Amino acid sequence: MSNSSFIDFSDQVSEDTLSLFVLNKKCQNHQMIAESLGFPSEMLAVPEQIHSTDITYINTPGDYIGTDGLITDNHDIILIIKVADCVPVYLYEPRSQLIGLVHSGWRGITDGIVPNTIQVMREMGANEKEISIFLGPAI
């Protein structure tokens, strides 16, 4: 793997949560990217990304239709999103071990996708004051 195709832009989110950013110059699909990084593609969870404010709590890998963000406390799942001019938003709450990954475009931001994500995390047992939010690269 060359340094020009992979950027680790934020070390570890926590002791057991890693955030990775991959420049997909070769137009590879999610499975090819995961396997090139040493992760089995069966671990991937991918939202449809419809520019909504819909967030889904998941406990199994797979494709999730009609949502722009995924939340889980299952650390055997790899959350995936794709972005161009939208902002990837990572959320983590250490006590509940909930992690979230949100596709956040202008429409989602103005309609409240991040507050919606925090609300779903609260419903799943997260302490709002302990949620850390990380913004990924964006233009």
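Q: How many bridges join E5 to E7, and do they run parallel or antiparallel?
A: 3 bridges join E5 to E7, and the two strands run parallel. Strands here are DSSP runs of E with at least two residues, helices are runs of H or I with at least four, and both are numbered from the N terminus. Two strands count as paired if DSSP finds at least two bridges between them.

Q: Before we go on, what kind of model is this?
A: This is a predicted model, where local features need pLDDT of at least 70, side-chain atom pairs count only at pLDDT 80 or more, and totals for chains, interfaces and linings use all residues. Residues are numbered from 1 along each chain as its sequence is written, and side-chain values use heavy atoms, with hydrogens and water left out.

Q: What holds strands together in general?
A: Strands of a sheet pair through backbone hydrogen bonds, either parallel or antiparallel.

Q: Are the E5 side chains buried or exposed?
A: Buried, on both faces: Leu44 and Val46 are on one side, Ala45 and Pro47 on the other. Buried means under 20% relative accessible area, exposed means over 50%, and partly exposed is in between (1.4 Å probe, protein chains only). As a general point, side chains in a regular strand alternate between the two faces of the sheet.

Q: Switching to Thr72. Where is it found?
A: Thr72 is found in strand E8. Thr72 counts as buried because its relative accessibility is 0%.

Q: What does its side chain do?
A: A polar atom of the Thr72 side chain lies 3.0 Å from the backbone nitrogen of Asn74.

Q: Which residues is Thr72 in contact with, leaving aside neighbours within four places in sequence?
A: With those neighbours set aside, Thr72 is in contact with Tyr57, Ile58, Asn59, Ile77, Leu79, Gln97, Leu98 and Ile99. Contact means heavy atoms within 4.5 Å. Leu79 is also the residue of E9 that Ala45 stands opposite.

Q: Now the helix. Which residues of H3 are buried?
A: In H3 (residues 113-123), the buried ones are Ile113, Val114, Thr117, Ile118, Val120 and Met121. They cover an arc of only 160° around the axis, which puts them on the same side of H3. That arc is taken from the directions from the helix axis to the C-beta atoms.

Q: And the other side?
A: Pro115 and Glu123 are exposed there.

Q: What do the buried H3 residues pack against?
A: They pack against strands E6 (55-57), E8 (69-72), E10 (87-93), E11 (98-104) and E12 (132-135), plus helix H2 (106-111).

Q: What follows H3?
A: Gly125, with a positive phi near 110°. Gly125 sits in the loop between H3 and E12, and it counts as partly exposed because its relative accessible area is 32%. Leaving aside neighbours within four places in sequence, Gly125 is in contact with Arg95 and Ser96.

Q: How many salt bridges are there?
A: The count comes to 1 salt bridge, taking a side-chain nitrogen of Lys or Arg within 4 Å of a carboxyl oxygen of Asp or Glu. Arg122 and Glu128 form it, with their closest N and O atoms 3.5 Å apart.

Q: Where is Glu128?
A: Glu128 is in the loop between H3 and E12. Arg122 is partly exposed at 41% relative accessibility, and Glu128 is partly exposed at 45%.

Methods. A polar contact is a pair of N or O atoms within 3.5 Å; within protein, one must be able to donate a hydrogen and the other to accept it, and residues adjacent in sequence count only if both atoms are side-chain atoms.
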